[in-house]
Amino acid sequence: MPQHELILLKNMMQPGYTGSLVDYEKTGGYQALRKTLGKIAPADVTAMVRKSGLRGRGGAGFPTGVKWGFLPKDYQGPRYLCCNADESEPGTFKDRQLMERDPHQVLEGIVLSCYAIGAETAFIYIRGEMVLGAKILEHAIAEARAAGYIGKNILGTGIHADVWVHRGAGAYICGEETALLESLEGKRGLPRIKPPFPATHGLYNKPTVVNNVETLANVPHIMNRGPEWFAAIGSPPKSTGTRVFCVSGHVKRPGNYEVPMGITIRELVYEHAGGMRSDKPLKAIIPGGASAPFFTPAHLDVKLDFEHVALAGSMLGSGGVTVMEEGTSMVWAALRLMEFFYHESCGKCSPCREGSSWLVQTLRRILAKRGHMEDLETLLDLCKNIAGRTVCAFGDAEVAPIQSTLKYWRQEYVDLIHEAEAVNLIKLEPAGRH
Ligand SMILES: Cc1cc2nc3c(=O)[nH]c(=O)nc-3n(C[C@H](O)[C@H](O)[C@H](O)COP(=O)(O)O)c2cc1C
């Protein structure tokens, strides 16, 4: 396996590392905070993060320093940081590991980011099912508060930043940043129409930054080792740093792998995750969570960075890499994902609310061998009328499995429909002719 330096998973890979404050401090934890607070101007911290090239790890890959720079400079009232720990994308489980195994790394990133954007309050919006993660974070916050790293007058600098954990109720849509804000405000988690963007009208209508757990966990390292160091890792200039890929499915060693951006899918699957679990060859890969279009074995040499995955027709998304072996029914795989999206559609926009139900019904009909060739056109037409026509990107996400499986494995749909036609023909044959 190729050797490279781990950044985010480094501490937790050390034998005996517990993630406690004492352990974190022994590895140099909270040194970035000591070096930065009151010593480097907040605008310069933002400039350093911009220079590092760090891009969001939650899905859209927006440049983090640029996002921070959108906050109004002269606004006098409160502003907020929200750490997006909802992580509900199927096949994605990195934020959970970062929070459970090294919570202070995330907290240090949160406090540094609060300082950069001038926020005195941060919320960690954690997926409801992650009970253990929420408990661990609560404990770590208490430890950090007692040690003077969180709260009022941090390390005697006169700078304040408090951090609160807010548990969601387990809705996928609450990972979408504006639905997250609605939910935090105590309302039903429905996405907001943008603009205005959270940078100016976010939580309680105040300037707000929403960043993913992994994004924020990178910040202490950028402050400790400098933006140039970070910018040289991975696939500069557009995909810098490492990425924690969550490999699941039919591989020998599923799990989280932190690798420099730009390694190929082949290296990730065959070298890190140990290759296929049986002698069946690889058939399909989802490179960036359930919302990302499928890839085929022809894409094994695509580099896992923002640019190359997008050029090849998919997206790096949440970093969830799901591998499927030969023998997997792609129509069935599309239906499983579609059932998830149908269940999770928040109902705000009719194309998504109604369309997801029709997509599921049509796929179920095809799999039950009651499909017709016209169903394929219906599926594509539905996808066309959902994508880009909803308030949030959920609509684009839910059509990805269908459009991409129809693109690469259309014959599997056709075969099921032909089987259906054969079954119907037999049923229609008049009695006595067999
Ligand atoms: C339906 C939907 C679900 C999302 N779920 C998550 C999530 O669970 N975690 C996350 O960090 N971002 C999620 N996002 C992306 C967020 O809206 C937002 O872009 C992200 O939190 C910004 O942080 P980043 O810039 O650090 O990536 C989701 C987006 C959509 C449209």
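How many nonpolar, polar and charged residues are in the lining of the second largest pocket? The lining has twelve nonpolar, six polar and four charged residues. The views below are of a predicted model.

**View 1. Lining of the second largest pocket, by element.** The volume of the second largest pocket is about 370 Å³. Of its 22 lining residues, Pro-72, Arg-79, Ala-116, Ile-117 and Gly-118 are the closest to the centre. At least two lining residues come from each of helix H3 (42–52), helix H4 (64–69) and helix H6 (103–117). H3 gives the most, with four residues.

**View 2. The largest pocket, with a volume of about 1,200 Å³.** Its lining consists of 42 residues, and Gly-58, Gly-59, Ala-60, Gly-175 and Glu-177 lie nearest the centre. Helix H5 (94–101), E4 and helix H17 (394–408) are the elements that give two or more residues to this lining. E4 has the largest share, five residues. By class, the lining of the largest pocket has 16 nonpolar, 15 polar and eleven charged residues.

**View 3. The ligand in the space of the largest pocket.** Around the ligand are 19 residues, of which Gly-58, Lys-67, Asn-84, Asn-212 and Thr-215 come nearest. Four of the shell residues are nonpolar, nine polar and six charged. Strand E4 (residues 208–212) gives the most to this shell, with three residues.

View 4. For Arg-57, a polar backbone atom lies 3.3 Å from an oxygen atom of the ligand. The distance from a backbone N or O atom of Val-210 to a ligand oxygen is 3.5 Å. The ligand exposes 610 Å² when taken alone, and the protein buries 90% of that.

Note on methods
Residues numbered from 1 in each chain as written. Predicted model: local features only at pLDDT ≥ 70, side-chain atom pairs only at ≥ 80, totals over all residues. Heavy atoms only, no water. Near = heavy atom within 4 Å. Polar contact = N/O pair within 3.5 Å; in protein donor to acceptor, adjacent residues only side chain to side chain. Areas by Shrake-Rupley, 256 points an atom, 1.4 Å probe, with all protein chains shown as cover. 1 Å grid on protein atoms, 1.4 Å probe; cavity = no way out; pocket = protein on both sides within 12 Å on 5 of 7 lines; lining within 4 Å. Sits in = over half its atoms within 2 Å of the grid points. Nonpolar A, V, L, I, M, F, W, Y, C, P; charged D, E, K, R; others polar. Points joined across faces, edges and corners; volume = space filled by probe spheres on them.
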